[in-house]
Amino acid sequence: MEYILVTVILFISILVYFRIADKYNIIDKPNHRSAHTQITLRGGGIIFPIAFIVFCCLNLQMVVEHYWSFGLGLLAICSISFIDDIKTLSNKIRLSVHLISVILLLYFTGAFVLMPFWVWPILFVIIIGTLNAYNFMDGINGMTGVYSLVTLLSLAYINKDVAQFTDESFIVYPILACLVFLFFNFRKKAKCFAGDVGSMGIGFWVIGLITLLIMRTGEYKYILLLSIYGMEVVITIIERILLKENIFEAHRRHLYQLFANEKKTSHLVISSVYAVCQLFINIFLIHSQLPVWSIILIIFIPSGGIYLGLKWKLKKDYNL
């Protein structure tokens, strides 16, 4: 009953936001780098911080005892991202808030107690890098929502049947938010885009869960629950460095962008393929008893080979 109520609240909330976004012209105008061609409401991903606020209202004691630091970090990064969606902010301001949010996340997961001091800077780099990867990959209809849904469902399965590392509802709430968001985004003509507030918000929640899982189990293999995103972003950054491009500028070199922009493949098909590939990896990852290095090789050698092969073919076919 609780989850039905939450779904209804989230559904009403996003409809209210649409009215506000429409009134104040919070829209995404396509440009030469865009994978879409129509003006669309931006910031639909505000549903994710709203989901946490609802979580607070219905689980106040639990939040006060366990989740307050995570919540402060989430709301801080979502707030600065939403402002950035409306008015471009300087990198210094955004990075400062990101650092504060990551500090709160690491405090929440117990990393400052469980990990030695010299590891902390590495964790900062990995988490901020992963957050930005989430943001980089939010470029076509359905990608952020479907990929996040697969990762969250995998985490829910792990929490229930493999190793309980958090309260069930702390995973179910973002799942419900993903479903509501996808109702409006997983369409040929999306009603809304996630915006930075959405990609950073759900990214922060997913990364928080994975970090918490790793700290509770000591199993570093679970970082591979985001391996498709990780592989895509790392290979593309290497490619851009080799081409002597500014890696901080927007571009259209991701494989999903080549499929969407040059080959004109359906956004929904591309997003679904990425999610299904990650799902197969997650199934293997969860049930594998192999050493971490073996799992890494088994996952990245074939997937990396397929990725590079597809990218080379598309670039050849379209003279890129």
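**Exercise 1. Sort the residues that line the second largest pocket by class, then say how big that pocket is and which helices build it.**

Step 1: the lining of the second largest pocket splits into 23 nonpolar, 5 polar and no charged residues. Here Ala, Val, Leu, Ile, Met, Phe, Trp, Tyr, Cys and Pro count as nonpolar, Asp, Glu, Lys and Arg as charged, and the others, Gly among them, as polar.

Before going on, a word on the ground rules. This is a predicted model, where local features need pLDDT of at least 70 and side-chain atom pairs count only at pLDDT 80 or more, while totals for chains, interfaces and linings use all residues. Residues are numbered from 1 along each chain as its sequence is written, and side-chain values use heavy atoms, with hydrogens and water left out.

Step 2: the space in this second largest pocket comes to about 650 Å³. A pocket is an open set of points on a 1 Å grid over the protein atoms alone, with protein on both sides within 12 Å along at least five of seven lines; a cavity is a set where a 1.4 Å probe fits but cannot get out; lining residues have an atom within 4 Å of a point. Grid points are joined across faces, edges and corners, and a volume is the space filled by probe spheres set on the points.

Step 3: 28 residues line the pocket, and Ile-126, Ile-127, Thr-130, Ile-223 and Leu-226 are the closest to its centre.

Step 4: helix 6, helix 9, helix 10 and helix 13 (292-317) each give at least two lining residues. Helices (H or I, at least four residues) and strands (E, at least two) are DSSP runs, numbered from the N terminus.

**Exercise 2. Describe how helix 10 packs on helix 12.**

Step 1: two packed helices are described by the angle between their axes and the distance between the axes.

Step 2: for helix 10 (residues 227-242) and helix 12 (residues 267-287), the angle is about 120° and the axes lie 9 Å apart. Axes are lines fitted to C-alpha atoms, for helices over the stretch in contact, and angles run from 0 to 180 degrees between N-to-C directions.

Step 3: classify. Angles under 35 degrees count as roughly parallel, over 145 as roughly antiparallel, 65 to 115 as roughly perpendicular and the rest as oblique, so helix 10 and helix 12 are oblique to each other.

Step 4: list the contact (heavy atoms within 4.5 Å). Helix 10 contributes Ser-227, Ile-228 and Glu-232, and helix 12 contributes Tyr-274, Cys-277, Gln-278 and Ile-281. By class, that contact holds 4 nonpolar, 2 polar and 1 charged residues.

**Exercise 3. Is helix 11 mostly covered or mostly open, and what happens just after it?**

Step 1: 7 of the 8 residues of helix 11 are buried, so it is mostly covered. Buried means under 20% relative accessible area, exposed over 50%, partly exposed in between (1.4 Å probe, protein chains only).

Step 2: the buried ones are Leu-255, Tyr-256, Gln-257, Leu-258, Phe-259, Ala-260 and Asn-261. Their cover includes helix 6, helix 7, helix 10, helix 12 and helix 13.

Step 3: just after helix 11, Lys-264 has a positive phi of about 60°. Most residues other than glycine have a negative phi. Lys-264 lies in the loop between helix 11 (255-262) and helix 12, and is exposed at 64% relative accessibility.

**Exercise 4. Buried or exposed: where do Thr-144 and Cys-78 fall?**

Step 1: Thr-144, in helix 7 (residues 143-162), is buried at a relative accessible area of 2%. Beyond neighbours within four places in sequence, Thr-144 contacts Tyr-134, Asp-138, Ser-199, Ile-202 and Tyr-229.

Step 2: Cys-78 sits in helix 3 and is buried at 3% relative accessibility. Not counting residues up to four places away in sequence, Cys-78 touches Pro-49, Val-197 and Gly-201.
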